[in-house]
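Dear colleague,

I am passing on the structure we spoke about.

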Amino acid sequence: SDALQVIRESDIGFGNLEAPFARAGEPAQKWAVLKQEPGLASEYVRMGFKVVNIANNHMLDYGVEGLLSTLEELDAVGIKRVGGGRTISESLDHVVMEEQGVRAAFLGCASTLPGESAAERRRPGLAPIRVRTTYYFDPEMEKEGPGGPPVIFTEAVKEDLRAFTRRIRKAKGEADYVVVATHWGMAYQDHLM
């Protein structure tokens, strides 16, 4: 396909790995649970991927076991990974790749964090940008149009933003370009609001 050709011809193929390479682990209790066979990691190499972001809403669909299996599989085939790890520090780490004298740093994070998927100091997981959502109902609008939708305010957790921004600055000091993959938003939308 055209997309595959673009990735193969790229100096550095970078993408989102949406499903873990799971050998074990219990499936998460959610409506869509994804995994792929561990042996498929080498197929990503053949497709031309050199770096993948693993921070997304499916990476812990088979728990910590599935995440750890994914880290092992990617390491074994030589694909660099960002956005997840054995600790919060590892999940926030960046990868620097050099091609034709140009250094590019890659980072990944997610706001789509079901269950306990955010990494912590002693817990494997994903690089988080957690959010807090507030729903506001205007009493005057409710009188005019009862049952109408609330106004929704979503704001990133400042501590997560500060931690990730520090890592971006560090990466910027080591590379000519910084590429950040952010997994966020609402599924099944056909337009941005």
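Below are my notes on aromatic contacts, salt bridges and a few surface features.

This is a predicted model: local features need pLDDT of at least 70, side-chain atom pairs count only at pLDDT 80 or more, and totals for chains, interfaces and linings use all residues. Residues are numbered from 1 along each chain as its sequence is written, and side-chain values use heavy atoms, with hydrogens and water left out.

Aromatic contacts

I counted rings of Phe, Tyr and Trp (its six-membered ring) as a pair if their centres lie within 6.5 Å; planes under 30 degrees apart are stacked, over 60 edge-to-face, the rest tilted. That gives three aromatic pairs. Phe14 and Phe106 make a tilted one, with 4.7 Å between centres and 55° between planes. Phe14 sits in strand β1 (residues 13-16) and Phe106 in strand β6 (residues 102-110), so this pair ties together parts 92 residues apart in sequence. Helices (H or I, at least four residues) and strands (E, at least two) are DSSP runs, numbered from the N terminus.

For burial, under 20% relative accessible area is buried, over 50% is exposed, and in between is partly exposed (1.4 Å probe, protein chains only). Phe106 is buried at 4%. Phe14 is partly exposed at 24%.

Tyr44 and Phe49 also form a tilted pair, 6.0 Å centre to centre and 50° between the planes. Both Tyr44 and Phe49 are buried. Together with Phe21, they form one aromatic cluster.

One ring also has a charge over it (NZ of Lys or CZ of Arg within 6 Å of the ring centre and within 35 degrees of the ring normal). Lys35 lies over the face of Tyr62, 5.0 Å from the ring centre.

Salt bridges

The structure holds 15 salt bridges. The criterion is a side-chain nitrogen of Lys or Arg within 4 Å of a carboxyl oxygen of Asp or Glu.

- Arg46 and Glu43: the closest N and O atoms are 2.6 Å apart. The two are three residues apart in helix α2 (residues 41-47), separated by about one helical turn. Glu43 is partly exposed at 33%.
- Glu99 and Lys50: the closest N and O atoms are 3.4 Å apart. Glu99 is in strand β5 and Lys50 in strand β2 (residues 49-53), so the bridge ties together parts 49 residues apart in sequence. Glu99 is partly exposed at 26%, and Lys50 is partly exposed at 31%.
- Asp93 and Arg167: the closest N and O atoms are 2.8 Å apart. Asp93 is in the loop between α4 (88-92) and β5, Arg167 in helix α6 (residues 158-172), 74 residues apart. Asp93 is partly exposed at 34%. Arg167 counts as buried at 17%.

Asp75, Arg81, Arg86 and Glu90 are linked in a network of salt bridges.

Surface and backbone

Tyr135, Phe137 and Ile152 form a nonpolar surface patch, with about 360 Å² of accessible area together. Patches take residues with over 30% relative accessible area and no salt bridge; like charges are joined within 9 Å, nonpolar side chains (Val, Leu, Ile, Met, Phe, Trp, Tyr) within 5 Å. Areas come from the Shrake-Rupley method with a 1.4 Å probe; for residues, only the protein chains shown count as cover. Phe137 is in the loop between β8 (131-136) and α5 (139-144).

Gln100 has a phi near 50°, a positive value in a residue other than glycine. Gln100 lies in the loop between β5 (95-99) and β6, and is exposed at 67%.

Best wishes
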